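Hi,

Here is the structure I promised to send over. Have a look first, and then read on for what turned up in it.

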Amino acid sequence: MGLSAMLFAYMVVAQVIVLPLFSQDGENNFSAWEKELPQSIGELKEIQKQMQSVLQRVRNTVVSVEAEDGAGSGVLISSDGLILTAAHVIGERGRKMQIVFPDGQKLEALSLGGSEISDAGILKIIEPGEWEYAPMALANNSKVGDWCFALGHPSGFDADRGLVLRVGRIIEKKEETLQTDCRLLGGDSGGPLFSVYGEVIGIHSRISQSPEDNFHTTVESFISNWEYFLNEELHTFGDMQKGGFLGVSCKQATDGLHILAVVPNSPAMNANLQPGDVLKRVDGMPLDTREKLMILISSKPPGSLVAIDYLREENEISVQITLGERLVEE
Amino acid sequence: MKSRLVILWNFLSLSFLFGEPLSLPVALAPEYRLNGSSIGNALGQTKDDILRSIVGLYRNERLIAHGVIVDPRGFLLTKASSSVGARIIKSCQNESFPIRIRKRDEVTDLALWEIVSSSASSWNSATWEEESNVTDLGSWAFSASASLEGIGLGVISATSRPIGREGGVMGVLLKETNSSSHGIEVLEVLPQAAGDRAGLKISDRIIRVDGRPVKNTGQINRVLQNKDPGDLLTVVVNRKDNEVVLRITLGHQAVAFDLFNRNLIMSGPVSKRKDNFSLILQHDLPVTKEMMGGGLFNLQGHCLGINIARVDRVTNYTLPSNVVLPVLNKWLDLLP
């Protein structure tokens, strides 16, 4: 089975679990966790019951990730041992790291790719086998206000303490990050943020100075760049500086990337791209996240020719653009 | 001129790529957040009952601990080491009363105080949840806010377990030595920590600890692990070929070394004593070290135990009712 087919399979699994839960609720019969605020002790209990039952399903999928210079966390998302974590936990592709299961079992894993833009990273357990895993949420399946819970190993693995749970709500969702008020600490990095349905919606990334305002990589980043993360080097900010340059700033939307501004004298301006245009594809690959555009452009050397499809008003237009060099301070 | 434009546009394009200059995303309004002003309203009357059973303990007008009313005659339970020197309590109605200490237990770090009041008022004591150590992971838990005006919300966040001894510390860095016949060298002395106060100096060579000759760092560590903060350690050092005897009152890990731990720098002040408890519940509530001694409550408004240590910003310990009640009941039986 190919990797994209496997990803598709996880999504199907996720859908099978989620859809019945939604369909039971009529328009006027929301579950307690779908309301703006819980109104009673009964509703708090309902949220608690949902989270606790889901917690039992997913707790064995969360691992500690250990290297000589520190520890992070991660979550298994496939039976053959793929682990989502943070880019800053793996650092680079091809690194051997030790993972520790909640019961203390230790295994070796190898880092694959990821991206420093969103802080997404992937590991794979080296030894063949079958492991319990958690489903990834579908893209755009979480929103501001949703209840969620964070799992991880703050300050590293502790056999007596076990996994540490934190509950909160999504307080902001931007292109490459999700913010919640789940309290996090060093060692949590790379650990999973779960929806109340037990799907991975984010990966713990940066820990904010304010305890109730922490950052997570979005699951959308993994979905959008899946093949690239699995097969290519970890995409770094250094790569962004050295790589090809287009010269647009965009806002991510469901129908593509809306151009907000075009840099004067950039390849984008020379190709007549304009604010308001909606970027659809680069070299035939659909643009579902802003990060994907950044990676597709900056992973090519300056001077490369790319095919860009965009929408202006009703018309789809295709252009060939020669990428420039990102200008650096002299 | 050209280079100035280049810099400007490079800055703009980077900020457009990484920031959100033109579209303001909608953030969840503060009152809807986990510890926003509105969530606690779901508790209704239970919230007021919880708040009426909690008091703030003050020393020199400063909040130093919370306490739980445990008897209608006006007895309260708190964290012993946090409540040292308390003079008055303030209730959630902002009434002040003098207090006096009645009992103190080193093992659990609990203390019983009596509220001194001329009026024969009956105090609203907390209702206990028995055997609270079996509370499930993910159960909601509540504590009073610092000012006793609202409540903090969180969950039981990890396995209930005993917490071992951290041991006392000298607050020095020693040269890692396997076998030395002329003492173990002191590489660093942390200012104001136990060793510094006792006069230990950089380059001193430790040759005897509590009368026993030491040849490696492991031997020193084993002695320290069996001592608590506050215990005395007699150290003989070789200083420029003279033997000097030093008597060190050992300090807390939290005071000496946690200053160098990034996680704890981000966590803010933590409890001095956060070790050596026979059993704890762990939770993730937003509490400060000045709120230790207060109660942790469940959805029924029953007290699960006494908040006993703020460990870091995601970790707090609560002594469960099955540890607290035997101590408390013995004390209450002994009172007239």
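Let me start with the charged pairs: the count comes to 25 salt bridges over all chains, a salt bridge being a side-chain nitrogen of Lys or Arg within 4 Å of a carboxyl oxygen of Asp or Glu.

Before the details, a word on what you are looking at. This is a predicted model, in which local features need pLDDT of at least 70 and side-chain atom pairs count only at pLDDT 80 or more, while totals for chains, interfaces and linings use all residues. Residues are numbered from 1 along each chain as its sequence is written, chains are lettered from A and ligands numbered from 1 in the order in which they are written, and side-chain values use heavy atoms, with hydrogens and water left out.

Back to the salt bridges. One of them joins A:E316 to A:R281, with the closest N and O atoms 2.1 Å apart. This pair links distant parts of the chain, since A:E316 sits in strand 19 (residues 315-322) of chain A and A:R281 in strand 16 (residues 278-282) of chain A, 35 residues apart. (Strands are DSSP runs of E with at least two residues, helices are runs of H or I with at least four, and both are numbered from the N terminus.) A:E316 is partly exposed at 44% relative accessibility, and A:R281 is partly exposed too, at 23%. For these labels, buried means under 20% relative accessible area, exposed means over 50%, and partly exposed is in between, using a 1.4 Å probe and protein chains only. A:R281 and A:E316 also belong to a network of salt bridges that takes in A:D309.

Chain B has its own examples. The side chains of B:R208 and B:E243 form a salt bridge at 3.5 Å, N to O. Here again distant parts of the chain are linked: B:R208 is in strand 11 (residues 205-209) of chain B and B:E243 is in strand 14 of chain B, 35 residues apart. B:R208 is partly exposed at 30%, whereas B:E243 is exposed at 51%. Another pair is B:D71 with B:R73, at 2.9 Å, N to O. In that one B:D71 is buried, with 9% relative accessibility, and B:R73 is partly exposed, with 44%.

Helix 1 of chain B gives the most, with 10 residues. By type, that side of chain B divides into 28 nonpolar, 16 polar and eight charged residues. Nonpolar covers Ala, Val, Leu, Ile, Met, Phe, Trp, Tyr, Cys and Pro, charged covers Asp, Glu, Lys and Arg, and the others, Gly among them, are polar.

As for the extent of the interface, 52 residues of chain B are in contact (heavy atoms within 4.5 Å) with 65 residues of chain A. The area buried between them is about 5,000 Å², and carbon and sulfur atoms give 63% of that. Buried area is the accessible area (1.4 Å probe) that two parts lose on being put together, summed over both.

On cysteines, the structure holds zero disulfides over all chains, a disulfide being a pair of cysteine sulfur atoms within 2.5 Å. The sulfur of A:C182 is 4.0 Å from the closest cysteine sulfur, in A:C148, which is too far for a bond. A:C182 is buried at 0%.

Within chain A, helix 8 (residues 290-298) is largely enclosed by the rest of the structure, because nine of its nine residues are buried. Among them are A:R290, A:E291 and A:K292.

Most residues other than glycine have a negative phi. A:N265 is not a glycine, yet its phi is positive, about 60°. A:N265 lies in the loop between strand 15 (256-262) and helix 7 (267-270) of chain A, and is exposed at 68%. B:D241 likewise has a positive phi, of about 70°, without being a glycine. B:D241 falls in the loop between strand 13 (232-239) and strand 14 (242-249) of chain B, and is exposed at 72%.

Cheers
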